[in-house]
Amino acid sequence: MARLNRTEIRRREEKEAFIALTMYIRAAMCVFRLYCFIISSAEYPRPELSPNPNYYQTQIDAVNRLVNGNEVDCHEQLRVNRHTFFRLCCLLRGVGLGDSRYVCLEERVAIFLFILGHHTKQRRMN
């Protein structure tokens, strides 16, 4: 077997060094990706909010003020009169919809009509 000259030896060493460097970089990238995955999937504790025991009743009262109050206020906010609003709620109850755990059917219908009537985003309602 013939001996390699100095330039060929230097090229081989540079090639081996380059391969070793790329392997170190790949290993570092894998560790960094694993760290990012662990950080992104960690559960952070949410702050405790003191619940309002009358929150559901407060929502119902707001809908009652809107619907059972002045006819003009109901029409300005929901774009329908009270009779149409109650008829729509009765139709939806007949189809099978009802109150959920946190929001009554009338409130959901009022939110829906408000969004449609005022051309707003749902995010604004939250």
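In helix H5, the residues Leu 105, Glu 106, Glu 107, Val 109, Ala 110, Leu 113, Phe 114 and Ile 115 are buried, where buried means under 20% relative accessible area, exposed means over 50%, and partly exposed lies in between (1.4 Å probe, protein chains only). The model is a predicted one, in which local features need pLDDT of at least 70 and side-chain atom pairs count only at pLDDT 80 or more, while totals for chains, interfaces and linings use all residues. Residues are numbered from 1 along each chain as its sequence is written, and side-chain values use heavy atoms, with hydrogens and water left out.

**Helix H5 and its surroundings**

H5 has 14 residues and reaches 20 Å from its first C-alpha to its last, close to the 20 Å expected at 1.5 Å a residue; the expected span is 1.5 Å times one less than the number of residues. The cover over the buried residues of H5 includes H2, H3 and H4, with contact taken as heavy atoms within 4.5 Å. Ile 111 also belongs to helix H5, but this residue is partly exposed, with a relative accessible area of 28%. Between Ile 111 and Leu 78 the C-alpha to C-alpha distance is 8.3 Å, although 33 residues separate them in sequence. Just after H5, His 119 takes a positive phi of about 50°.

The protein as a whole has 5 helices and 0 strands, these being DSSP runs numbered from the N terminus (helices H or I, at least four residues; strands E, at least two). Of its 126 residues, 14% are buried.

**The nonpolar core**

The largest nonpolar core holds 11 residues, namely Val 63, Val 67, Cys 74, Leu 78, Val 80, Phe 85, Cys 89, Leu 105, Val 109, Ala 110 and Leu 113; such a core is a set of buried Ala, Val, Leu, Ile, Met, Phe, Trp, Tyr and Cys residues joined through side-chain atoms within 4.5 Å. Two or more residues each come from helix H2 (55–68), helix H3 (71–78), helix H4 (82–95) and helix H5 (105–118), and the largest share, 4 residues, is given by H5. Apart from its neighbours within four places in sequence, Val 80 contacts Cys 74, His 75, Phe 85 and Leu 113.

Phe 85 counts as buried, at 1% relative accessibility, whereas Phe 86 is partly exposed at 36%. Their ring centres are 5.7 Å apart and their planes stand at 70°, so the pair is edge-to-face; rings of Phe, Tyr and Trp (its six-membered ring) pair if their centres lie within 6.5 Å, and planes under 30 degrees apart count as stacked, over 60 as edge-to-face and the rest as tilted.

**Salt bridges**

The count comes to 3 salt bridges, each defined as a side-chain nitrogen of Lys or Arg within 4 Å of a carboxyl oxygen of Asp or Glu.

| Glu 71 | Arg 82 | 3.0 Å |

Through shared partners, salt bridges join Arg 93, Asp 99 and Glu 106 into one network. Asp 99 is partly exposed, with a relative accessible area of 43%, and Arg 93 is likewise partly exposed, at 37%.
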